[in-house]
Amino acid sequence: MGNLNEAGQKIRVGLLFGSVSSEHEVSLVSAAAWAEALSELDKKYEVILVGITKAGHWLRYSGPIAAIRDGSWEQDASCVPCVLSPDRGDHGLLVRGKDGCFVERLDAVAPILHGKNGEDGTIQGLLELAGIPYVGCGVLASAVCMDKAAANTMMDAAGVPHCKWCYAVRPEAEQSMGTLLDRVEKQLCYPVFVKPANAGSSVGISKAHNRAELETAIAVALREDDKVVFEEFIDGQEVECAAIGNPDDPDSVTATRPGEILAGAEFYTYDDKYKNGVSQVVIPAHLPEEKLDEVRNAAIHAYLALGCTGLARCDFFVERGTGRVLCNELNTMPGFTPISMYPKLMEQEGLSFAALTDRLIGLALAKKKGAY
């Protein structure tokens, strides 16, 4: 498509931020970084900012980028109600102006949304209905990677090594807690990580060292989702790769060498990732060269096995003593904050933040014809 759309104009990109999610604030910071990066490419892109409030209201926004980052954008006088039309003839937004609604066409959408209602397949489904190319994974890959039980099941089937695990649904936990505790203790040794299947970014995750803590951890996880995943503790280095590319063009799928997270807490918490900044990032990870290559190849394997498109951050453990490389999870819309690993890994490979956003939009526009 080059630097212009089919009408000979700048490529019109809808940049979505916010959403009804526990990671609403992180989305604001990530999207502000995207907006700043795309402003460097203003000869190629026209950016249309669309914020989604925590209550689920869609607002077309044209105020300062700084107000997105601090959350004050919602009070800006530039905000006007809008919705993304599922009608393919519209191919964009329905904006409610002073003189009624009008259509604002979009060539592509960058849904910089984290967690539920953002990277779980919901917004991706709406964009598929609308026939608008979008950055990131499709409906199925987004939903699978968001659901830890589904992702683990697919990794088992595809031969992607990962830790021992099991899961339970809410009725079992509420009606047969004793039986559930017995089952988990039979299948896994303490300590056990307890996670909501659908949450993301360490929300609702606990580390249980005994039966009492396990029961408490289940209650914490159930506050976030109706399904709970239990995983064995792995004594290993936490490392992350940035993967990029479209599977319909296998040569375009690549992954960076892994970076390493030196967490500021017992495990890498939500606050570590996005708020307090006490965790440290080391790129490349402190591993032998052959192990760095092994993790990179494992990331590509997992990315393709789970059907990812566009991008994903691939998280692994390298087990101490054995050197086993075990996939933890894939994040289909990783953070793009100043302390986020995905853009840092790409920058280490020579791709600036602005060049990265350009590449990701290009991949969205280049998806196999008929994908939308």
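Colleague: Which residue stands opposite Arg60 in S4?

Modeller: In this predicted model, Arg60 has Val80 of S4 across from it.

Colleague: What makes strand S3 (residues 58-61) and strand S4 (residues 80-84) a pair?

Modeller: Pairing needs at least two bridges between the strands. S3 and S4 are joined by two bridges and run antiparallel, so they count as a pair.

Colleague: How do you know that S4 and strand S5 (residues 92-97) pair?

Modeller: S4 and S5 share three bridges in the antiparallel sense, and the cut-off is at least two. Val83, for example, stands opposite Leu94 in S5.

Colleague: Why are S6 and S7 said to stand at the edges?

Modeller: The open sheet has seven strands in the order S6-S5-S4-S3-S2-S1-S7, with mixed pairing. Strand S6 (100-105) and strand S7 (108-111) each have a single partner strand, so one side of each has no neighbour in the sheet.

Colleague: Which strand is joined to S7, and in parallel or antiparallel fashion?

Modeller: Strand S1 (residues 11-18) is joined to S7 by four bridges, and the two run parallel. Leu16 has Pro111 as its bridge partner in S7.

Colleague: Which residues make the contact?

Modeller: H4 brings Val144, Cys145 and Met146, while H5 brings Lys148, Ala150, Ala151 and Met154. Six of the contact residues are nonpolar, none is polar and one is charged.

Key
Residues are numbered from 1 along each chain as its sequence is written. This is a predicted model: local features need pLDDT of at least 70, side-chain atom pairs count only at pLDDT 80 or more; totals for chains, interfaces and linings use all residues. Side-chain values use heavy atoms; hydrogens and water are left out. Contact means heavy atoms within 4.5 Å. Ala, Val, Leu, Ile, Met, Phe, Trp, Tyr, Cys and Pro count as nonpolar, Asp, Glu, Lys and Arg as charged, and the others, Gly among them, as polar.
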